[in-house]
Every structure is written in C-alpha cells, then in structure tokens.
Amino acid sequence: MEHISLQHTSCLNDSLTMAQVEKRGGLLRKSSASKKPLKEKVVLMYDEIFMTEDPSKCSPRFWEELFLMKVNLEYLEGKLESLDGEELMKIKDNINCLFQHCIQALGEEHPIRVVNALQTLCALIRGVHQKNKSTSGFDIINMLMGFDKAELCMKNLMESLDSLLCAEGSESLKSLCLKLLLCLVTVTDNISQNTILEYVMINSIFEAILQILSHPPSRREHGYDAVVLLALLVNYRKYESVNPYIVKLSIVDDEATLNGMGLVIAQALSEYNRQYKDKEEEHQSGFFSALTNMVGSMFIADAHEKISVQTNEAILLALYEAVHLNRNFITVLAQSHPEMGLVTTPVSPAPTTPATPLGTTPPSSDVISSVELPLDADVQTSNLLITFLKYSSIVMQDTKDEHRLHSGKLCLIILTCIAEDQYANAFLHDDNMNFRVNLHRMPMRHRKKAADKNLPCRPLVCAVLDLMVEFIVTHMMKEFPMDLYVRCIQVVHKLLCYQKKCRVRLHYTWRELWSALINLLKFLMSNETVLLAKHNIFTLALMIVNLFNMFITYGDTFLPTPSSYDELYYEIIRMHQSFDNLYSMVLRLSTNAGQWKEAASKVTHALVNIRAIINHFNPKIESYAAVNHISQLSEEQVLEVVRANYDTLTLKLQDGLDQYERYSEQHKEAAFFKELVRSISTNVRRNLAFHTLSQEVLLKEFSTIS
C-alpha cells in the first residue's frame with residue numbers, strides 16, 4: 001500500500017509541475033523554446049494503447065499506473081476522432097481492455113483512481129461515438145466492450161455507479177457519475193437509437209436517482225443533473241417497448257422524493273424567472289427606456305425581444321413527465337415554499353460558462369438550499385405551480401423562436417394535464433388557497449402595464465385563466481400559432497367542465513375572457529383568406545362558439561351571480577355584429593361544395609343559440625329605445641330589457657358541451673416529444689462539462705490516500 005502512496009504522490013507532484021507549463025494538445029513545452037517538446041506521461045501511455053500490441057505486455061503495472069495519471073480528455077478524444085473506422089477496429093482489443101480496466105478501477109478504494117476512470121470512460125464513450133458515422137460500419141458496443149463481454153461489463157459498470165451514487169462518499173465522485181450517465185445517454189441525438197441504453201434499462205439506477213432527490217444535501221448538489229437524467233431515461237423507446245423508468249416513476253409515492261423533485265424543478269424555473277426579471281429591469285432603466293419615451297412606443301417590440309433568456313426545456317420535460325405519469329406528484333404542485341425570487345444572492349458565485357444555455361446549467365446550489373427555510377410570515381409564499389405559471393407567461397410571450405414555440409407548447413400540454421386532473425382542480429379552485437400571481441404581460445401599445453401591488457389574492461385557477469386570456473390577446477398575428485390557440489381554448493374548456501360538474505362559482509372577471517374570445521373570432525374573419533391557406537380555422541371557431549354555448553347553457557350552475565349571467569347576454573348583444581359576420585361567413589362556405597363545407601356547417605349549427613339571443617333581444621332593445629326616445633342606451637338600460645325578457649326566450653339544448661377528449665401523448669404528441677428530446681439531448685451533450693473537477697480540487701479533497 002505504501003508503494004502505491006509514494007507512486008501516487010510522485011504522480012500528483014508531476015501534475016502540479018505540469019500545471020505550470022504550457023499545454024498544447026497533450027504536448028508540454030517548457031518556457032524555453034530551444035528545448036524539444038516533451039510529451040506528458042499519460043499521453044505516452046495513451047499512445048501505447050493506440051498501438052496494436054497489448055500495452056501491459058512490456059509493463060505489467062501499465063493499467064494500475066494509468067489510473068493514477070490525470071486524464072487528458074482532449075488528447076484521448078482527439079486521438080479517437082483522428083482514426084478512421086478501419087484503424088479503430090485494429091486497436092479494438094486495446095479499447096475493450098481500457099474499458100474493462102476503467103470499470104475495475106471504479107471498485108478501487110482510492111478516489112483518485114475512481115475519478116480518473118470515470119473521466120476516461122466519458123472520453124472513450126464520446127470519442128468512439130463521434131466515429132460512428134454510417135460509413136464506419138462498426139458496432140459501438142462491440143467497439144467499446146466486445147459483444148461477448150458487453151452484458152457483464154455493463155452490469156458491473158451500472159452496479160459501480162449505483163454504489164457510488166448511493167454511498168456517503170465524495171460529492172465530486174457523485175457529480176462525475178451523473179456526468180458520465182448523462183454522457184452515456186446523450187451521445188446519440190436520438191436517444192432511442194442508443195443501444196447501450198438497453199443495459200441501463202436492465203440494470204436500473206432509478207432508486208439511486210430517487211435517493212439523491214430525497215436527501216436535501218445530495219439534492220442541493222446533484223438534484224438538477226438527476227432530474228434531467230431521469231427525464232431523458234423515461235423517453236428511451238417509450239412508444240416501442242416497456243420502459244422500466246416509466247413504470248417506476250408512475251408509482252412513486254414517497255413524499256420526500258416527490259417534494260425533492262418538485263423543489264429541483266421549481267428552483268430551475270424560478271432561476272429562469274429571476275434572470276428574466278433582472279434583464280427586464282435592466283432594459284427599463286437603460287437606453288431603450290429613454291428611447292421609447294422620446295419617440296413613442298414604436299420600438300417596444302424590438303426592445304422586448306432582446307430580453308431573451310435561454311429557455312429550459314430539459315427541466316420542463318421533467319415537470320411534464322412527473323405531472324403526466326405520476327398522480328401523486330400533483331400534490332407537490334401546491335406545496336408551499338418561500339417565494340424563490342426574493343432569495344438573496346448566493347455568497348459563492350456560480351461558475352460561469354460562456355454562452356451556456358440555462359437548459360443545461362444547473363442553478364446555483366446556494367439558492368436551492370434557501371428553498372427549504374421555514375416559511376416567513378413577511379415573505380410571499382409560492383409553490384411550484386405559481387413558479388411554473390410565471391415561467392409560462394414569459395416563454396409564451398414570444399413564439400417566433402423555435403425553442404420558445406416548443407416551450408410554449410410544452411407549457412400548454414402540462415396545463416392540459418393539470419386541467420384534466422380532479423385533485424389538481426380541487427386545489428386550483430379552493431377558496432382557502434389564495435395567492436397573488438404576478439404574471440408577465442407583453443408590452444402592448446393599447447394597454448398600460450399593470451401595477452404588481454394591485455394584484456388581488458385569488459384561487460390559483462384565476463391565474464391559469466389570466467394566462468390563457470393573455471395568450472389569446474397577444475398572439476393574433478400573421479404567423480398564427482393555431483396549435484397553441486387550440487390547446488389554450490381546450491384548457492379553458494376543461495376548467496369550465498370541472499366548474500359545471502362541481503358547481504364551483506368562481507369570482508372571476510369573465511368579461512375579459514368573453515371579450516378576448518370575440519376579438520379572436522374577429523381576427524379569424526378579417527384574415528380568412530390568409531389563414532385558410534394554412535389552417536382549418538373552423539375547428540378553432542367552433543371551440544370558441546361552444547365555450548359561449550357552455551356559458552349560455554350551464555352558466556347558471558357556475559357563474560358567480562345572476563348579474564354575471566346578464567352580463568354574458570349583454571356582451572353577446574353588444575358584439576352581435578361579430579357573431580352575425582361569423583354566421584354569414586360559415587353559411588357562405590357551408591353552402592359551397594368546397595373543402596370547408598363540413599367544418600363550416602358545424603359552426604353554423606353551433607351558432608343557433610347565440611343567434612336566437614341576438615334575434616330575440618335586439619328588436620326589444622330597439623323598441624325600448626324608440627318608446628323612451630333614447631338614441632343610445634346605457635349598459636344598465638340594456639340589462640333592464642334583458643332581465644325583463646328572459647321568459648320569452650327559447651333556446652335549444654345542445655349535447656356534449658361539457659364533454660372533452662382526454663389528453664393522449666402516444667397517439668397525438670409522439671412526433672413532438674421525439675423532436676423535443678432530440679433537441680434536449682443535443683443541448684445537454686454540448687454543455688456537459690467534464691472539467692468541473694480541477695486537479696487542485698481533487699488534491700484538496702483526496703489529500704489523504706493510504
């Protein structure tokens with residue numbers, strides 16, 4: 001043992017001297033240019049592996065010594081990349097041997113060996129995969145391990161990683177284990193084509209991930225990587241075979257684990273919200289503010305677009321999988337914690353990586369820890385759902401960028417799952433759970449920025465409806481996001497179905513929703529030709545009309561007061577021209593033999609009660625005005641006529657207004673999720689930092705090796 005210590009110390013001393021000399025792709029040069037370049041010891045050893053001979057023939061202690069050397073990732077990966085497929089096949093035995101010795105080294109007592117083995121495995125897996133273009137014609141598993149030994153190799157590897165993740169040992173080691181697993185999962189763009197993952201399915205590390213999430217110290221250090229890793233593993237061949245990670249995630253009921261996962265997600269989303277808010281304040285106090293004050297608001301859109309923070313699709317995917325797969329996770333959405341935006345700046349600055357998207361950089365661990373402080377009466381309490389709604393209100397503002405469009409769609413899919421869930425609806429509509437939710441609103445010329453202080457305390461469903469209204473109002477544009485609009489109206493419909501079924505009388509300003517829906521109908525009509533070239537706008541028009549039909553038919557069961565019902569009629573009568581125009585448009589298209597005949601005729605039938613209301617009340621209002629010699633009636637006068645003439649109004653009972661098709665991922669969304677996971681996988685791979693552990697940090701942490 002003493003012998004290893006001395007050897008180890010000398011190797012470490014070498015490393016420190018190396019740090020003082022200039023490095024060039026694995027070559028070390030002394031500052032004097034006249035000297036010949038010297039190769040680092042570890043590089044010489046790599047070169048031996050890249051010969052066809054077995055390197056341990058001449059030096060029996062070769063493998064033992066290798067893992068005492070500081071890994072040179074760039075050189076090892078670069079060397080693998082420089083070989084063509086044929087050259088690589090010639091040294092297959094040596095690569096197999098290196099892979100197996102890495103796995104053996106993971107079982108060593110000395111952390112330095114384990115760290116070096118983990119980093120070597122990362123370089124090997126990445127380097128060999130980079131060569132695996134279709135032209136190479138070799139199999140990854142065979143190249144790394146050999147077919148005959150693959151099963152045992154991967155079993156040993158996964159068991160070692162599992163032990164390291166669950167042990168009470170070094171946090172640096174756990175961090176590297178997760179980095180290696182993320183590397184393993186993301187080496188291919190399409191994770192379902194990554195055959196090595198079959199072994200990760202068989203030798204599950206699910207319990208190790210849960211353990212990290214359920215213990216506050218390990219969650220603070222590794223929660224982010226653990227959650228992203230789980231989200232990716234759940235998406236491996238999820239439509240083709242039984243994925244054990246899906247099965248296991250769906251039945252987790254341990255409160256500490258689920259809360260841990262919720263805290264990690266909430267922290268990452270809240271970090272995004274904070275970054276966005278900081279940038280927004282920077283803009284408002286800076287040059288753009290002065291400019292827009294000077295020349296009016298023509299630049300508002302441009303100024304706003306510049307406040308973009310990279311969206312975090314990986315963490316959003318994790319939230320989706322948790323909400324979609326695990327009924328117990330729904331309770332976590334409402335778990336209170338202090339408002340994370342109010343947390344003080346962490347003492348130790350997080351390491352900055354240039355141009356690293358937030359989607360792959362874990363938030364500072366110092367901030368995560370503050371989430372678990374006891375609730376302070378002076379601090380606005382929040383929960384994961386509120387943090388998510390704020391996040392959604394930011395990413396859904398600008399859907400021109402592909403990533404934001406994906407994020408906006410995923411936010412609406414998550415809201416769809418929430419709006420369908422009975423328990424989620426119970427706490428969304430709970431009158432005893434009131435919150436102020438400060439959603440981001442897009443700067444628009446025709447409205448003032450709402451003051452945050454005037455926000456009322458209301459049940460959470462009001463914030464969801466506000467978010468939907470905000471989306472409806474702000475996305476009527478040439479590049480019409482039809483798909484997002486359909487999802488948005490579906491969320492509103494599902495919430496109304498719950499209110500009707502459970503007779504929940506929500507005190508909400510329904511007029512804002514009605515007004516937004518009518519304006520959307522007007523937009524569809526005024527852009528009929530342009531929109532019909534790309535979309536079937538009648539599906540959307542039908543959904544909007546049927547929302548009004550829900551209010552007309554069942555409003556007495558869920559509208560807060562009888563006067564709300566009167567206001568609904570007032571709004572329909574006031575905006576009758578829009579409904580008349582819609583009727584003319586759909587009648588024109590349903591009587592033609594064109595492609596829209598059937599879709600348009602459905603809207604024609606759906607308008608029957610709205611038209612009955614308009615045709616019943618309008619003559620009576622005109623008559624009232626004529627008798628009383630009033631040219632323009634006030635709202636109160638119109639409502640008086642409405643109340644006096646309800647009795648004589650005849651409406652048709654329409655079926656199925658409170659029915660909806662439940663969300664189904666596999667049949668409708670598979671293509672979207674495949675594309676999303678591909679994008680996340682590429683992003684995670686690009687931003688994996690193996691250099692998180694410098695030699696100095698390791699020397700400090702593992703200074704005593706006996």
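Good morning. Keep in mind that this is a predicted model. Let's start with charges. How many salt bridges does the structure hold? The count is 35. I'll walk through some of them.

Take Asp 47 and Lys 79. Their side chains meet in a salt bridge, with 3.8 Å from N to O. Where do the two residues sit? Asp 47 is in helix α2, residues 41–49. Lys 79 is in helix α4, residues 73–82. They are 32 residues apart in sequence, so this pair ties together separate parts of the chain. Now the surroundings. Is Asp 47 buried or exposed? Asp 47 is buried, because its relative accessible area is 14%, and buried means under 20%. Lys 79 has 26%. That makes Lys 79 partly exposed.

Next pair: Arg 237 and Glu 198. They form a salt bridge too, and their closest N and O atoms are 3.3 Å apart. Arg 237 lies in a loop, between α13 (216–234) and α14 (244–251). Glu 198 belongs to helix α11, residues 197–202.

Now a longer reach along the chain. Arg 662 forms a salt bridge with Glu 420. The closest N and O atoms are 3.4 Å apart. This pair links distant parts of the chain, 242 residues apart. Arg 662 is in the loop between α33 (635–644) and α34 (665–668). Glu 420 is in helix α22, residues 402–420. And Glu 420 is buried, at 9% relative accessible area.

Salt bridges can also join up. Which residues are linked in a network? They are Lys 409, Asp 483, Arg 487 and Glu 669.

Last stop: a leucine. Leu 157 lies in helix α9, residues 147–166. Its relative accessible area is 1%, so Leu 157 counts as buried. What is Leu 157 in contact with, leaving aside neighbours within four places in sequence? The list is Ile 103, Leu 106, Leu 121 and Leu 180. Leu 157 and Cys 102 are 55 residues apart in sequence. In space, they are 9.0 Å apart, C-alpha to C-alpha.

Key: Residues are numbered from 1 along each chain as its sequence is written. This is a predicted model: local features need pLDDT of at least 70, side-chain atom pairs count only at pLDDT 80 or more; totals for chains, interfaces and linings use all residues. Side-chain values use heavy atoms; hydrogens and water are left out. A salt bridge is a side-chain nitrogen of Lys or Arg within 4 Å of a carboxyl oxygen of Asp or Glu. Helices (H or I, at least four residues) and strands (E, at least two) are DSSP runs, numbered from the N terminus. Buried means under 20% relative accessible area, exposed over 50%, partly exposed in between (1.4 Å probe, protein chains only). Contact means heavy atoms within 4.5 Å.
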